[in-house]
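This briefing is meant to be read alongside the sequence and the model. Please keep both in view while going through the points.

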Amino acid sequence: VEEKQGYKDRIKQLLKQKNAVLVAHYYTDPEIQALAEETGGCVADSLEMARFGNQHEADMLIVAGVKFMGETAKVLTPEKTVVMPTLEATCSLDLGCPIEQFNAFCDANPERTVVVYANTSTAVKARADWIVTSSCALEIVEHLDEQGETILWGPDRHLGNYIQKQTGADMLMWQGACIVHDEFKTKALSDMKALHPDAAVLVHPESPADVIELADAVGSTSQLIKAAQELPNKKFIVATDRGIFYKMQQLCPDKEFFEAPTAGEGATCRSCAHCPWMAMNGLKEIEEALIDPSGKEVFVDMALREGALKSLNRMLDFSA
Ligand code: 13P
Ligand code: SF4
């Protein structure tokens, strides 16, 4: 405990000294989220993180999350020093969508509007016409469908299928998945629901379709937090990274939250409701990044930046 307090105190000092601000995702560890709140930073979903970093006047952004979030911040504000607790924190969606193959997919379907999820590299973003996060994906695809556009979607197939079902849009899908959400299991979730019949089920749309079907509310991290506050239920079964419980419990202290099951009895899972890359963000790494940003600083290719910026700004303007 004392050791942790030491880190927090030193980080607070360093944030002031360097005119830096801590921007954390809802999936990071509770102590990181609490520190971001205490120090005037933000705890948010991926869309709000991008907006916050873009609007803040700090010289330095410490992005506690995964690589695409740091890159998005750098694309939006290249004049700022953007650092991450570790540059090794990536995402299975980003890893599963290499630019060469994605380019070939786009080249083979030139008539389609390219819509990509924010969980991608700057190069993939630069290839996109639109970037979306799970907070605004549905509205943006709906809008494009109304304009009569057909869509090439990447990389998350579950989110893509969910949006396709909701909007009826013509979408050709890249077949990526999030290793965390892909693990939620329908049978085990139905069993859990039977045990807690009064619980509402909250599901992030990166989860498989049959899990989404059992949901009372489907949405991005911020939308699920809102649903926890607004639904009258006192119990919730939550199918997303367990990092989100920090904010849910803080906002709804009289409610009870259960992790949705990631595997049937006796089975194992790879990630068990906690993203291994989000988990790499620790207090020690944040202090190191503040003391010596080298090796932790995010850079993006300036030639790609322009393309990525155009589609990122399109998203920010649309969802303003
Ligand atoms: P949100 O945009 O809902 O926060 O989700 C992004 C994500 O998948 C982070 O892992
Ligand atoms: Fe990527 Fe899934 Fe981790 Fe989010 S939770 S960063 S989508 S692997």
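The model is predicted, and local features are described only where pLDDT is at least 70, side-chain atom pairs count only at pLDDT 80 or more, and totals for chains, interfaces and linings use all residues. Residues are numbered from 1 along each chain as its sequence is written, while chains are lettered from A and ligands numbered from 1 in the order in which they are written.

**Domains**

- The domain assignment, whose bounds come from an automatic or database source, gives domain 1 (2-89 + 278-303), domain 2 (93-173) and domain 3 (181-259).
- The C-alpha centres of domain 1 and domain 3 are 27 Å apart, and their contact takes 11 residues from domain 1 and 8 residues from domain 3; two residues are in contact if their C-beta atoms, placed from the backbone, lie within 7 Å.
- On the side of domain 1 that touches domain 3, helix H2 (30-38) and strand S2 (42-44) each supply at least two residues; helices (H or I, at least four residues) and strands (E, at least two) are DSSP runs numbered from the N terminus.
- That side of domain 1 divides into 6 nonpolar, 2 polar and 3 charged residues, where Ala, Val, Leu, Ile, Met, Phe, Trp, Tyr, Cys and Pro count as nonpolar, Asp, Glu, Lys and Arg as charged, and the others, Gly among them, as polar.

**Ligand 1 and its annotated residues**

- Of the 13 residues around ligand 1, Asp 45, Ser 46, Ser 134, Ser 220 and Thr 221 come nearest; a residue is near a molecule if its C-beta atom, placed from the backbone, lies within 6 Å of it.
- The shell around ligand 1 is made up of 3 nonpolar, 8 polar and 2 charged residues.
- An unreviewed UniProt entry places the feature "binding site" at His 25, Ser 46, Tyr 117, Ala 118, Asn 119, Ser 134, His 204, Pro 205, Glu 206 and Thr 221; UniProt positions are in the numbering used here, feature names are shortened, and annotations may be inferred rather than shown by experiment.
- Ser 134 sits in the loop between strand S6 (130-132) and helix H8 (137-146), and it counts as buried because 26 other C-beta atoms lie within 10 Å; the term buried requires 20 or more other C-beta atoms within 10 Å of a residue's own, C-beta atoms being placed from the backbone.
- Beyond its neighbours within four places in sequence, Ser 134 is in contact with Leu 159, His 204, Pro 205 and Ser 220.
- His 204 is in the loop between strand S9 (199-203) and helix H11 (209-212), and it is buried because it has 27 C-beta neighbours inside 10 Å.
- Setting aside neighbours within four places in sequence, His 204 is in contact with Ser 134, His 181, Thr 221, Leu 224, Ala 239 and Thr 240.

**Ligand 2 and the cysteines**

- Ligand 2 is surrounded by 14 residues, the closest being Val 66, Cys 91, Cys 178, Val 180 and Cys 275, and its shell has 10 nonpolar, 2 polar and 2 charged residues.
- UniProt, in an unreviewed entry, lists Cys 91, Cys 178 and Cys 275 as "binding site"; although these are spread over 185 residues of sequence, they cluster in space, with a largest C-alpha distance of 9.1 Å.
- Cys 91, in the loop between strand S4 (81-83) and helix H5 (92-95), is buried because 26 other C-beta atoms lie within 10 Å.
- Not counting residues up to four places away in sequence, Cys 91 touches Val 66, Lys 67, Phe 68, Asn 119 and Trp 277.
- Cys 275, in the loop between strand S12 (256-259) and helix H14 (283-291), is buried with 24 other C-beta atoms within 10 Å, and, leaving aside neighbours within four places in sequence, is in contact with Tyr 27, Val 180 and Asp 241.
- Val 180 lies in the loop between strand S8 (171-173) and helix H10 (186-195) and is buried, with 28 other C-beta atoms within 10 Å.

**Core**

- The largest nonpolar core has 98 residues, and those with the most contacts inside it are Val 23, Ile 62, Val 115 and Leu 202; such a core is a set of buried Ala, Val, Leu, Ile, Met, Phe, Trp, Tyr and Cys residues joined through C-beta atoms within 7 Å.

Methods:
A residue is buried if 20 or more other C-beta atoms lie within 10 Å of its own, exposed if 12 or fewer, and partly exposed in between; C-beta atoms are placed from the backbone.
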